[in-house]
Amino acid sequence: AEVHLNDSIPVNLTYDIPSRKLNLPFTPGDLKAIIMSKDPTEPLQNNLVKIGFGYPSAVLFDIHVNTGASKKGIAGFDANYTGFNGKSLQDMNDYSTKAWGTVFGKKMMSGAYAGFGGGTHYLMSKPDKLMFIPKIDLRIPTNNILFGADVRNIKFLKDDFSYNFCVDGNYFTRHIAAGNGTLQTELYFTTALSLIKKFDANHLRFDLTYSNNTYDYDTTLSNFRVQVNPSYNLIEDGGNAHIGLNLFAADSTIILAPDITGEFNLSGDAIIIFGEAVSHYQLNNLFALTSINPFIGKQFQTSPDFETDINIGIKGSINSNLMYSINAGEAFHTFMNVYIPDTLNPVTYSALIDTNKKAFHMHAEVSYKQNERINISGSADYYKYTTRNFTTAYGIPNARISALLNYKLNNKLNLGTELFAYSSSPSINPISHTNETIKGRLDLSAGLTYNYKTKFGFFLQLNNFAASQYQRWYSYTTYGFNFLAGLNLKF
């Protein structure tokens, strides 16, 4: 659960409703009318309202309000709506609301949140396949109820002990082809307890996590996970190490895996060698799968994925302005989903499981920051997959490049531009059943914010102004050029 701390404790607040997306080796582009860059988090004393309209027929509404931090606590409310309301079958909308609060005590604090979100997407494909299908029968509305709570101590207790206990969950519903389709539901619940014993700069930690996912599609299924993670953190002048073990019990499977990371300062902060052998276990549920591909139909497979990542690399910073990181490694998956067009229903996708998949990975990133005026960053990723049940990793690109530039011209005007590009990805023609390749894609966006007054300003966002109507998923072409303009109000 999210916890909002008082001013004496550093914290990065977020207005995003928590989600559990799959830990895939790429960041899929959203099929949205508006690709809005994230606004910087506002100070606690500022509330924010943002309203925008654009072409073609785009609407944005954003509100974030809070009571401000006090000795007793803080509370707030966030809401967002993004929609595209033209004549295209790609009409869509996404919305979210969340109320949250935190109460401070002398030695402990507790927080809770509850929210409701959802949206609507439309199934589509080539027009000749849809000419006799009413539009309402292609609609996929989703709803998601979120809840969570957190209790932790603010200061170390007697004998240098610390604790944290949290509960999170969501109830997700999805109606395929709302006119006459199938209702899918699932309930996710997780609880975690962390105990920490401090030894000077080092500490011993014990984590216990229980998760359960209950599905109700055509049949009722249930997956659970118990994770025990003892670990010890060692901090020295020349580096640090985290040494631990992960014991996973999921359904009828028990796995013991490493949880080890380390850094060594070869030349101060300029050159740091790092490595890791870490493991993760996640319940691949419908909510996570449809967050990646919203056009999944009735045919999909879900199974908990046990992933082990082994990486080594170098990183560093120069004069606190220039930072870089380069690493390479291998990821091992017991179960990982691939996305294939459904041959029985060409307008939907099947999410099928590939067992014992491996992925070799190379990653590089660099960033430069000069005071608050200039912020430049870029990253590149390359993956090579080894599959077992399929000839290739369907629906997953092998490479990605992204770059971001923010420039503060003065106290009133901020400029920014963002680029991301993906390599081609393999797919299957649902009619001929032959392999096809979805071409690589490039998306370039830019925007500006003008603060006319301290608490009043304007913004303009130009998205995909190269008008590249690429496909992220087979037969689903994304929007070309679109823009959004509007007002910011702080109070």
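## Basis

The model is predicted: local features need pLDDT of at least 70, side-chain atom pairs count only at pLDDT 80 or more, and totals for chains, interfaces and linings use all residues. Residues are numbered from 1 along each chain as its sequence is written, and side-chain values use heavy atoms, with hydrogens and water left out.

## Overall fold

The protein chain contains 1 helix and 27 strands (DSSP runs numbered from the N terminus: H or I of at least four residues for helices, E of at least two for strands). Of its 491 residues, 45% are buried (buried is under 20% relative accessible area, exposed over 50%, partly exposed in between, with a 1.4 Å probe and protein chains only).

Among contacts (heavy atoms within 4.5 Å) between residues at least 6 apart in sequence, 57% join residues at least 24 apart.

## Strand pairing

Strand 6 (residues 139-153) and strand 7 (residues 161-176) run antiparallel and are joined by 11 bridges; two strands pair if DSSP finds at least two bridges between them. Phe-147 has Gly-169 in strand 7 as its bridge partner.

Strand 7 is also joined to strand 8 (residues 182-199), again antiparallel, by 16 bridges. Here Tyr-171 is partnered by Leu-187 in strand 8.

## Aromatic and charge contacts

There are 10 aromatic pairs in the structure (rings of Phe, Tyr and Trp, the latter by its six-membered ring, with centres within 6.5 Å; planes under 30 degrees apart are stacked, over 60 edge-to-face, the rest tilted). Tyr-55 and Phe-483 are stacked, because their ring centres are 6.3 Å apart and their planes at 25°. This pair links strand 1 (residues 48-55) to strand 27 (residues 482-490), with the two residues 428 apart in the chain. Tyr-55 is partly exposed at 47% relative accessibility, as is Phe-483 at 29%.

Lys-315 lies over the face of Phe-274, 5.3 Å from the ring centre (the criterion is NZ of Lys or CZ of Arg within 6 Å of the centre and within 35 degrees of the ring normal). The charged end of Lys-357 sits over the ring of Tyr-385, at 5.7 Å from its centre.
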